[in-house]
Amino acid sequence: MSLFDVNNKNVLITGASGGLGKHITTLFARKGADVIICARSADKLQHLKVSLEQDFGINVHSFVLDVNDRYAFKKMISSLEGSGINIDVLINNAGVSDTKSFLNYDDDDWDKIVNTNLKAPWQCSQEIAQHMINSNIRGVIINITSILSESVNLGVSPYCASKAGLRHLTEVMAVELARFGINVNAVAPGYMVTDINEEYLMSDLGQQLLKRIPSRKFVDFEELDGALLLLASKAGKGITGIEIKVDGGHSCVPI
């Protein structure tokens with residue numbers, strides 16, 4: 001058995017219907033894990049479920065929910081437990097952002113971004129950690145943060161604050177859950193081209209940003225695969241409380 005084997009593990013991915021979440025889901029499905037996917041888009045989830053089951057012959061359980069709704073998340077766990085399914089790995093991937101100057105963000109903007117990026121992972125992790133403890137599972141929680149958890153960019157102040165909070169929450173969770181055999185870590189991607197930011201990253205401003213990345217390229221989704229498999233598998237057994245940056249050296253750029 002490979003150190004990085006995740007075959008037959010039950011992996012729950014939030015925000016799984018598109019972008020990075022879809023890539024992460026497909027990665028674990030391809031590696032033989034049974035995946036549990038949740039997101040707000042019923043159509044996208046159903047399409048992904050059918051595609052994964054056909055392509056990889058695995059079990060896919062899908063749930064339409066908002067990660068900000070603790071009751072809905074608890075209901076999902078109860079449904080899984082009722083079917084005899086235990087969760088080995090939680091990947092808190094769901095996240096949102098916006099671009100405005102610091103002075104132009106309002107309370108609703110702040111609540112939407114910070115609740116989804118920080119409060120929701122806290123709630124989901126609480127529920128999954130309790131499930132793992134009750135089921136005597138030595139599980140794994142992986143938070144998707146960002147290089148902006150420590151670095152600074154303009155126009156995304158609530159996003160920066162939420163990811164910084166999630167990075168530090170990762171450390172605290174790791175310490176408190178270690179006695180239960182639950183590892184908690186984070187993966188911090190650099191800038192990736194997605195449907196949301198493609199226009200900006202392809203603009204003159206985005207190309208100026210690209211020139212400051214030592215590798216001279218934006219991060220590909222596939223470049224996160226090694227870190228995710230490390231942390232989710234036996235290979236990462238002794239690793240907890242860290243944030244792995246996958247950013248082509250961007251966060252190391254001198255001032």
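## Leu 12 and the E1–E2 pairing

Leu 12 sits opposite Ile 36 of strand E2. Strand E1 (residues 10-14) runs parallel to E2, with 5 bridges linking the two; strands count as paired if DSSP finds at least two bridges between them. Helices (H or I, at least four residues) and strands (E, at least two) are DSSP runs, numbered from the N terminus. To get from E1 to E2 the chain goes through helix H1 (residues 19-30), in a right-handed β-α-β crossover. Right-handed here means that, with the strands pointing away from the viewer, the path from the first strand over the helix to the second runs clockwise.

This is a predicted model, where local features need pLDDT of at least 70 and side-chain atom pairs count only at pLDDT 80 or more, while totals for chains, interfaces and linings use all residues. Residues are numbered from 1 along each chain as its sequence is written, and side-chain values use heavy atoms, leaving out hydrogens and water.

## E2, covered on both sides

Strand E2 (residues 34-39) is largely enclosed by the rest of the structure, because 6 of its 6 residues are buried (under 20% relative accessible area, with exposed over 50% and partly exposed in between; 1.4 Å probe, protein chains only). Asp 34, Ile 36 and Cys 38 cover one face, with Val 35, Ile 37 and Ala 39 on the other.

E2 also pairs in the parallel sense with strand E3 (residues 60-64), again over 5 bridges. Val 35 has Val 60 as its bridge partner in E3.

## Helix H5

Buried residues of H5 (residues 157-177) include Tyr 159, Leu 166 and Met 173.
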